[in-house]
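Please look over the sequence and the model shown here before reading on. The paragraphs after it are meant to be read with the structure open beside them.

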Amino acid sequence: MQIKDLINEFDFHDSNVIELIYEKNNIKMKIDLCMWKQKGYKESDNELKEIFLEFNSVENYIWDGEKKETDIDYDTILEMSYNNGVIKFILFDDAISVLSFKCSMVKIF
């Protein structure tokens, strides 16, 4: 799936990043997605769903935060954007962390 389609299809605000692994130009993220914020949500549906995102062929990986990305544990997604091929996550736990990288495709599990 293209990143721009991911951004258009899902609302990641207030969802939580449970785990982030970056190795060999690949990023794997485990996210508790707020289903109640998604299009088509019905009150009988589960409010949260664990999903996995896998970004391949990542370039220009930048982590800017007080803690290490390996210390992520239920960090809240405040914003997720995609401009000029760069995806950017703004996360909050006890402080703000910013993750950005260049990528065009993502797999969702």
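Predicted model: local features only at pLDDT ≥ 70, side-chain atom pairs only at ≥ 80, totals over all residues.

Residues are numbered from 1 along each chain as its sequence is written, and side-chain values use heavy atoms, with hydrogens and water left out.

Helices (H or I, at least four residues) and strands (E, at least two) are DSSP runs that are numbered from the N terminus, and two strands are said to pair if DSSP finds at least two bridges between them. By that criterion strand β1, residues 16–23, pairs with strand β2, residues 26–34, in the antiparallel sense over seven bridges, and within this pairing V17 has I31 of β2 as its bridge partner. The two strands form a hairpin with two residues between them, and K24 in the turn has a positive phi of about 50°. N25 lies in the loop between β1 and β2, and this residue too has a positive phi, of about 60°, although it is not a glycine. With a relative accessible area of 41%, N25 is partly exposed; here buried means under 20% relative accessible area, exposed means over 50%, and partly exposed is in between (1.4 Å probe, protein chains only). Strand β1 is also joined to β5 by two bridges, and these strands run antiparallel, with N16 standing opposite T76 in β5.

The next topic is charge pairing. A search of the whole structure finds three salt bridges, a salt bridge being a side-chain nitrogen of Lys or Arg within 4 Å of a carboxyl oxygen of Asp or Glu. One of them is formed by the side chains of D14 and K37, at 4.0 Å from N to O. This pair links distant parts of the chain, 23 residues apart, since D14 sits in the loop between α1 (3–9) and β1 while K37 sits in the loop between β2 and β3 (48–55). Both partners are partly exposed, D14 with a relative accessible area of 31% and K37 with 25%. D14 also has a phi near 75°, a positive value in a residue other than glycine.

Which residues are linked in a network of salt bridges? They are K67, D75 and D93. K67 forms a salt bridge with D75, whose closest N and O atoms are 2.9 Å apart, and the side chains of K67 and D93 meet in another, at 2.8 Å from N to O. K67 lies in the loop between β4 and β5 and D93 in the loop between β6 (86–92) and β7 (96–102), so the pair ties together parts that are 26 residues apart in sequence.

D75 itself is found in strand β5. Leaving out residues up to four places away in sequence, D75 touches S15, N16, V17, K67, L91, F92 and D93, where contact means heavy atoms within 4.5 Å. Y74, by comparison, lies in the loop between β4 (59–64) and β5 (75–83) and is partly exposed, with a relative accessible area of 42%. Apart from its neighbours within four places in sequence, Y74 is in contact with N16, V17, I18 and D32. The C-alpha atoms of Y74 and V17 are separated by 5.1 Å, although these residues are 57 residues apart along the chain.

F92 lies in strand β6 and counts as partly exposed, at 37% relative accessibility. Together with L78 and I96, F92 forms a nonpolar patch on the surface, with about 240 Å² of accessible area in total. Patches are made of residues with over 30% relative accessible area and no salt bridge, like charges being joined within 9 Å and nonpolar side chains (Val, Leu, Ile, Met, Phe, Trp, Tyr) within 5 Å. Accessible areas come from the Shrake-Rupley method with a 1.4 Å probe, and for residues only the protein chains shown count as cover.
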